[in-house]
Amino acid sequence: MFSHRPAVSQDFIEISRFPRDARELFFMYPKGIYPLTAEQLEQAARTRIKPTVILYGDQVVGYCNFIEITGDSSWLGNVIIHPSYRGMGVGKYLIETMKETARSELRVTNFRLLCHSTNTDALLFYTKLGFKPFDSNIQQDHEGKPIVGIKMEVAL
């Protein structure tokens with residue numbers, strides 16, 4: 001049903017359309033400026049590890065990458081699913097794909113991400129997939145208001 005491959009330059013045009021508003025962009029890419037452009041996203045991807053797209057047939061329906069590898073941990077970033085494909089299993093496939101990449105290619109034992117406290121749907125989703133909170137920090141959201149970033153992890 002789904003497949004994946006490394007992201008290529010042309011993919012960023014489609015992915016840049018996924019965030020429907022500044023709030024969604026903040027959840028996906030806090031440093032991004034709304035409306036997101038392909039150029040912003042591609043420039044960020046150049047500093048990341050394994051930028052990956054999820055496909056449904058030939059359609060790009062998901063995207064993410066690794067922000068960094070620290071010790072035995074990989075940090076997932078820029079997670080987003082095409083709005084029309086949310087709730088259809090794309091997110092689960094994306095997370096499982098990146099977990100396997102982290103385990104087999106990056107040789108890490110912990111899979112981590114940061115989820116913002118106001119992103120309830122994502123927090124429920126990650127919890128369902130076995131992620132547990134292990135730390136938090138205070139950040140500013142897209143409107144400059146304080147927000148809690150919840151650091152979550154799952155062992156590989």
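N78 sits in strand β4, which covers residues 73-81; helices here are DSSP runs of H or I with at least four residues, strands are runs of E with at least two, and both are numbered from the N terminus. What makes N78 worth a click is its backbone: phi is near 55 degrees, a positive value in a residue other than glycine. N78 also counts as buried, at 4% relative accessibility. The cut-offs are under 20% relative accessible area for buried, over 50% for exposed and partly exposed in between, with a 1.4 Å probe and protein chains only.

Before going on, a word on the model. It is a predicted one, so to speak of local features takes a pLDDT of at least 70, side-chain atom pairs count only at pLDDT 80 or more, and totals for chains, interfaces and linings use all residues. Residues are numbered from 1 along each chain as its sequence is written, and side-chain values use heavy atoms, with hydrogens and water left out.

Now compare R107. Its phi is also near 55 degrees, again positive in a residue other than glycine. R107, though, is found in the loop between α4 (90-104) and β5 (110-116), and with a relative accessible area of 66% R107 is exposed.

One more backbone spot: a cis peptide bond joins Y34 and P35, with omega about 0 degrees. Look for P35 in the loop between α2 (22-28) and α3 (38-45).

Zooming out, the chain has five helices and seven strands. Walk along the sequence and you get β-α-α-α-β-β-β-α-β-α-β-β. The radius of gyration is 15 Å, close to the 15 Å that the globule rule gives for 156 residues, so the chain is as compact as a globular protein of that length. That radius is taken over C-alpha atoms, and the rule is 2.2 Å times the number of residues to the power 0.38. Along the principal axes, the C-alpha atoms fill a box of roughly 40 × 35 × 30 Å.

What about the inside? Of the 156 residues, 46% count as buried. Take contacts (heavy atoms within 4.5 Å) between residues at least 6 apart in sequence: 57% of them join residues at least 24 apart.
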